[in-house]
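Good morning, and thank you for coming. Please look at the structure on the screen while I go through it.

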Number of protein chains: 2
Amino acid sequence: VEYTDRIGYLSLVGTGPGSLDQITPAAKAALSQADAVIGYSLYVDLIRPLLRPGQIVEAWPITQEQQRAERAIALAHWGLNVAVISSGDCGIYAMAGLVLETLQAQGWDGQTPTVTSYPGISALQAAAARVGAPLMHDFCAISLSDLLTPWPVIEKRLQAAAEADFVIALYNPKSQKRTEQIAIAQRLVLQYRSPETPVAIVQSAYRPTETIVLTTLTDLLHHSIDMLTTVIIGNRTTQAYAGKMITPRGYSL
Amino acid sequence: VEYTDRIGYLSLVGTGPGSLDQITPAAKAALSQADAVIGYSLYVDLIRPLLRPGQIVEAWPITQEQQRAERAIALAHWGLNVAVISSGDCGIYAMAGLVLETLQAQGWDGQTPTVTSYPGISALQAAAARVGAPLMHDFCAISLSDLLTPWPVIEKRLQAAAEADFVIALYNPKSQKRTEQIAIAQRLVLQYRSPETPVAIVQSAYRPTETIVLTTLTDLLHHSIDMLTTVIIGNRTTQAYAGKMITPRGYSL
């Protein structure tokens with residue numbers, strides 16, 4: 001038996017917020033060229049119309065990110081072209097880093113397999129686009145999940161971002177088990193911003209179940225928030241007007 | 001003479017980093033359906049292959065953002081379908097906010113014209129994808145341009161972001177006239193992070209002239225930086241490995 005020395009290929013693909021017309025052509029091409037597609041089952045389902053017969057499709061449970069990364073690398077070492085998908089941008093709180101971390105731990109030479117990232121529209125951007133233009137000035141993204149980050153680190157970031165007047169996008173604001181963090185975040189930001197500060201709560205942007213709520217910092221907790229929600233808190237100049245959230249691009253000088 | 005009551009339409013379109021295969025199908029459709037396309041001339045040139053005969057195409061100089069917004073709104077009031085383009089994401093430091101601000105100043109009713117945003121791959125994401133996976137943990141975007149923002153506000157944000165260990169993406173790091181800010185930013189961040197902190201300097205991502213430099217915080221100023229550059233400064237855990245910049249997704253607990 002003779003084997004071809006085929007160099008494996010890993011595509012780290014961001015599939016955007018969930019609507020197929022929000023996926024870049026580059027990401028779509030990476031998916032269609034892949035021999036194998038690996039991802040969390042919910043995200044695989046969203047892009048299933050883009051897959052073709054003959055592809056290996058592995059839809060995994062949500063908690064097994066490390067196993068997914070290892071499996072993808074193993075398939076690539078067999079010489080396959082493997083696409084690892086994340087919803088949103090694979091490069092923002094998603095699988096791209098974990099795959100690279102795992103390659104590093106295995107002593108990767110940077111070339112075998114070849115790794116390419118395909119950015120996608122992130123939850124942050126999708127939420128912003130659907131609610132107006134909140135990200136016109138300096139902003140930050142903070143995940144409220146303390147699964148892998150000590151809570152004091154998160155709290156320090158909330159405090160710093162609130163005090164320095166960043167527009168703040170909260171990822172993973174709340175889960176069934178984790179309900180207190182969003183309330184603490186609200187209290188921290190209220191120390192520096194008006195109770196009337198506009199806040200957007202966007203669930204499942206660009207999906208059929210999308211909901212968009214434009215509320216205020218003081219009323220934030222009266223609305224439904226879950227793991228599929230992105231919360232955007234305006235800065236001191238952000239306004240709500242005609243159902244839109246608008247952060248002016250400049251400070252009046 | 002009888003006029004149809006045609007409701008104008010404004011599409012705020014993010015055209016991504018400059019490569020046509022990084023533009024979402026939704027954004028492409030908005031461009032092709034537009035009666036008029038308005039934008040900064042450099043960005044209009046990048047998407048010119050997507051335009052079709054019969055469209056009004058207005059390529060404007062870089063400094064006239066306010067006039068561009070007013071012109072787009074005027075054309076929409078005539079009943080046209082008008083696309084206002086920004087490179088990257090129109091919702092991040094770009095035209096979406098200025099158009100909405102201008103509509104607000106004119107007493108817009110929220111519906112006439114109808115306004116829809118089409119997000120695009122931002123400079124931040126393009127740079128991150130090309131250099132590895134630096135945005136795996138909380139991050140912020142800070143523009144170093146003090147044209148519309150007092151410098152003390154920017155400095156305060158740099159300080160807060162550095163101290164609270166955000167990954168920091170710098171927009172507008174340097175121009176021909178404005179060369180000191182990036183040096184001040186470097187000094188501020190060095191107060192809180194190691195000189196060896198990985199820093200990515202990405203120019204014209206996804207364009208034929210793309211350059212990607214992976215360096216360190218202490219060597220940042222030895223490389224070419226201009227207005228088309230995005231600088232990404234790692235957090236305390238970010239590593240450089242095999243030419244990639246990798247921020248671990250978790251803190252070791």
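In what sense do S6(B) and strand S13 of chain B pair, and over how many bridges? S6(B) and strand S13 (residues 244-246) pair in the parallel sense, over two bridges. Strands here are DSSP runs (E, at least two residues) and helices likewise (H or I, at least four residues), numbered from the N terminus; two strands pair if DSSP finds at least two bridges between them.

A word on conventions. This is a predicted model, in which local features need pLDDT of at least 70 and side-chain atom pairs count only at pLDDT 80 or more, while totals for chains, interfaces and linings use all residues. Residues are numbered from 1 along each chain as its sequence is written, chains are lettered from A and ligands numbered from 1 in the order in which they are written, and side-chain values use heavy atoms, with hydrogens and water left out.

To return to the sheet: it is open, with three strands in the order S6-S13-S12 (chain B) and mixed pairing. Strand S6 (132-133) and strand S12 (239-241) of chain B each have a single partner strand and stand at the edges, so one side of each lacks a neighbour in the sheet.

I turn now to the interface. In chain B, 69 residues are in contact with 69 residues of chain A, contact meaning heavy atoms within 4.5 Å. The area buried between the chains is about 6100 Å², with carbon and sulfur atoms giving 61%; buried area is the accessible area (1.4 Å probe) that two parts lose on being put together, summed over both. On the side of chain B, Arg157(B), Tyr241(B) and Arg249(B) lose the most area to chain A, together 12% of what that side buries.

Between chain B and chain A there are four salt bridges, each a side-chain nitrogen of Lys or Arg within 4 Å of a carboxyl oxygen of Asp or Glu. Arg157(A) forms one with Asp138(B), the closest N and O atoms being 2.7 Å apart.

Strand S7 (residues 139-143) of chain A and strand S7 (residues 139-143) of chain B run antiparallel, joined by three bridges. There, Phe139(A) has Ala141(B) as its bridge partner in S7(B).
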